[in-house]
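Here are my notes after going through the model.

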Amino acid sequence: MKKDINSLSPEARAIIRAQVSRRSVLAGVGAVSAAGLLAACGTGSSTGAKVAVDVSDTEKIVRWANWPLYLDFNEDTKVYPTLAAFEKQSGLKVTYEEAIDDNNTFYGKVQGQLSIGSDIGYDIVAPTDWMAARFIEQGYAQKLDPANVPNKTNIRQVLSDVGFDKGRQYSLTWQSGFAGFGWNTQKLPKGVRTMEDLFAPANKGKVVVLSELRDTIGVIMLYQGVDPSSNFTEDQYMNAIDFFKKKIADGFIRQVKGNSYSEDLKRGDANAVIGWSGDIFILKSESGGKFDFAIPESGGTLWSDNLLIPSTSTHKKNAEKLINYYYEPAVAAQVAAYVNYICPVEAAQPELEKIDPALAASPFIFPDAATLAKVKVFRSLSADESTKFQTAFDEAIGN
Amino acid sequence: MAFLHAVSSGHSATKNVLKKRSLTPYLLLAPGLIWLITFFIIPIFSLASTSTMVRPDGAQVGVYEQKLRFANYVDAFVANQDQYLRSFFYAALATLLALAIAYPLAYAIAFKSGKYRNILLVLVIAPFFTSFLLRTIAWTQILADSGPVVSAIKVLPFIDDLFRINNTSTAVVIGLAYNFLPFMTLPLYASLERIDPRTLEAAGDLYANGLTTFRKVTLPLSMPGVVAGTLLTFIPAAGDYVNAAILGNPNTKMIGNVIESRFFAVVDYPTAAALSFTLMATILILVTLYIRKSGTDELV
């Protein structure tokens, strides 16, 4: 999804996208039900998660699970430059794995081990907001020691306090992005800025939307005048589901999927999508402006992936050192230059200017107040709501 | 003395042989048994126990209690019967389509390919060298709205401008038939290839024409292949969810998609487990009936 894969051939890129891109539906699909079986083994037990003993002082290692293409990487030398610099500076050995393809699949894999307090093999994980909320709520996250993470204060103001983690005791934002409208500028030269534009008669059967309920339903709720960050009611949520179902039944929505919607745009199977900012900006730069992205006039959603230390981590202090390192402005700028998502460290902007002035000016990497005013973070759901709402959404998409 | 000694040692030797013989089958079975117990029996029990659990009100996501609620099965089936019926319908269509393609193909390879036989067989298996997912994704390119197939069909008169194949039930059935084609072709080939050419000659000597020979000799002799091929295609196709997820739309989801969604997205393990069991049981019943009917005991 990021800049460096542009150097590959289009076929190779398509394969990488289709296979490993973040949040991809295929990834969820590809993970055989074995993980489900394992997860099922761990059910009945309650969640009195045990917190592991910290052996950071004797074992100089830290193990980090992240999403694919989510950290600066040098194709020529095959190293992660910022990570290599951290290893040199701290004397710690970092194992970095692109182990998270999908929030649900990753949770399915580690939940059983977390519930019995057995090491999941990672000291840092990077779940999206709502999944981070689940980790914290179930006691699967360790509290960060503020003394070990002084750079915590560098985090962007809007991210410094979030509903699922008051005062950021457990987690810090890794990267964020917007969900909004993406479209093919050749087929829709006027652009897509409202829900009416998206479901215009010409787009019948040519609209693809995200299988991430918080983004798709969040955008629809905003259109219906309901703020998804507020304490909305079940009826308000179900109204959005009804609208969504109707657009599927009327044949406007062709398919509901994860990251691979960008392939539908490229193939011409979709004229317009509800998609993620980062993806569509990469498509735009690859295609010389054939695609564009806008936050809907009625509002879009803002999501974030968060670093947190799982309860089974035995290297908490080392993990804190690593987290702290990535909130240094110069380091955050290096990451932002590669990943192209919203940088969680505002002070990284002048640093990014030194690397790439054009990127530093992008409102989608360093959003201004006007942009941020248009987006909402979908509020965290209680376990009952989560089960009910996700079931309603999955039934709407035919599952 | 020597005689006695010989007798007794002979006796103990027979005993040893007997002892060894009684252990050998178990030793031979051990790897398979251990495998089956670890990866089939234990998960099956875990799945069975999960299927009757209930989510206590207000419990965290993914926490379930054993309440032996067998009504889970009824609820899960009633809520998802459309996807159930659709799965078996699509799987049956895909099996017929695969049979229609694979039979002539296997026939040609077995009887008409000459020196190209091995190359053709390799070509049948070749798709297995790439990932199942990638091959399915490739079909989305072939069947794209502006791709070769749809463009060619649109040249015909009376074709609606909105005509498409991607994200339709047609695409799902095509995908299923394609993905399981080798499972149909290889058993057919194996049984066709085993046919003694002299039986065909004999049919000719008895004044049977080509069609009659096929109907009265070739087809009946190839029935074990037909039964094996249709089973090997139908069973995985009925449980498949990749084709419906990639090539389908929200109205073409199969039961596999529902199970996947309940396991991972909704984290409703009991429903997913109950659906898995119902699917397994239905397939088992269908297969038993089919084998009874076709009378090919040698297969099982």
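What is the mean pLDDT of chain B, and what share of its residues reach 70 or more?

1. Confidence first, since this is a predicted model. Chain B has a mean pLDDT of 89, and 91% of its residues reach 70 or more. For the complex, the predictor gives an ipTM of 0.83 and a pTM of 0.81.

2. Next, the contact between the chains. Chain A puts in 43 residues and chain B puts in 46 residues. On the chain A side, several elements supply at least two residues each: helices H1 (10-20), H2 (25-30), H3 (34-41), H5 (103-116), H6 (129-137) and H17 (383-396), along with strand S6 (253-257). H17(A) has the largest share of that side, with seven residues. By residue type, the side of chain A that touches chain B has 22 polar residues, 13 nonpolar and eight charged.

3. Now the build of chain B. Chain B has 14 helices and two strands. The C-alpha trace of chain B spans about 100 × 75 × 35 Å along its principal axes. The radius of gyration of chain B is 26 Å, whereas a compact globule of 300 residues would come out near 19 Å. Of the 300 residues in chain B, 36% are buried. If you take the contacts in chain B between residues at least 6 apart in sequence, 69% of them join residues at least 24 apart.

4. Domain 1 of chain B covers 2-51 and domain 2 covers 71-299. Taken over C-alpha atoms, the centres of domain 1 and domain 2 of chain B are 39 Å apart. The contact between these domains takes four residues from domain 1 of chain B and seven residues from domain 2 of chain B. On the domain 1 side, the residues that touch domain 2 of chain B are two nonpolar and two polar, with no charged ones.

5. Last, one helix to zoom in on: is H13 of chain B mostly covered or mostly open? Helix H13(B), residues 255-265, is mostly covered, with 11 of its 11 residues buried. The buried set includes B:Ile255, B:Val258, B:Ile259, B:Phe263 and B:Phe264. Also among the buried residues of H13(B) are B:Asn257, B:Glu260 and B:Arg262. Just after H13(B), have a look at B:Val267, which takes a positive phi of about 55 degrees.

Note on methods. Residues are numbered from 1 along each chain as its sequence is written. Chains are lettered from A and ligands numbered from 1 in the order in which they are written. This is a predicted model: local features need pLDDT of at least 70, side-chain atom pairs count only at pLDDT 80 or more; totals for chains, interfaces and linings use all residues. Two residues are in contact if their C-beta atoms, placed from the backbone, lie within 7 Å. Helices (H or I, at least four residues) and strands (E, at least two) are DSSP runs, numbered from the N terminus. Ala, Val, Leu, Ile, Met, Phe, Trp, Tyr, Cys and Pro count as nonpolar, Asp, Glu, Lys and Arg as charged, and the others, Gly among them, as polar. Domain bounds come from an automatic or database domain assignment. The radius of gyration is taken over C-alpha atoms; the globule rule is 2.2 Å times the number of residues to the power 0.38. A residue is buried if 20 or more other C-beta atoms lie within 10 Å of its own, exposed if 12 or fewer, and partly exposed in between; C-beta atoms are placed from the backbone. pLDDT is the predictor's confidence in each residue, from 0 to 100.
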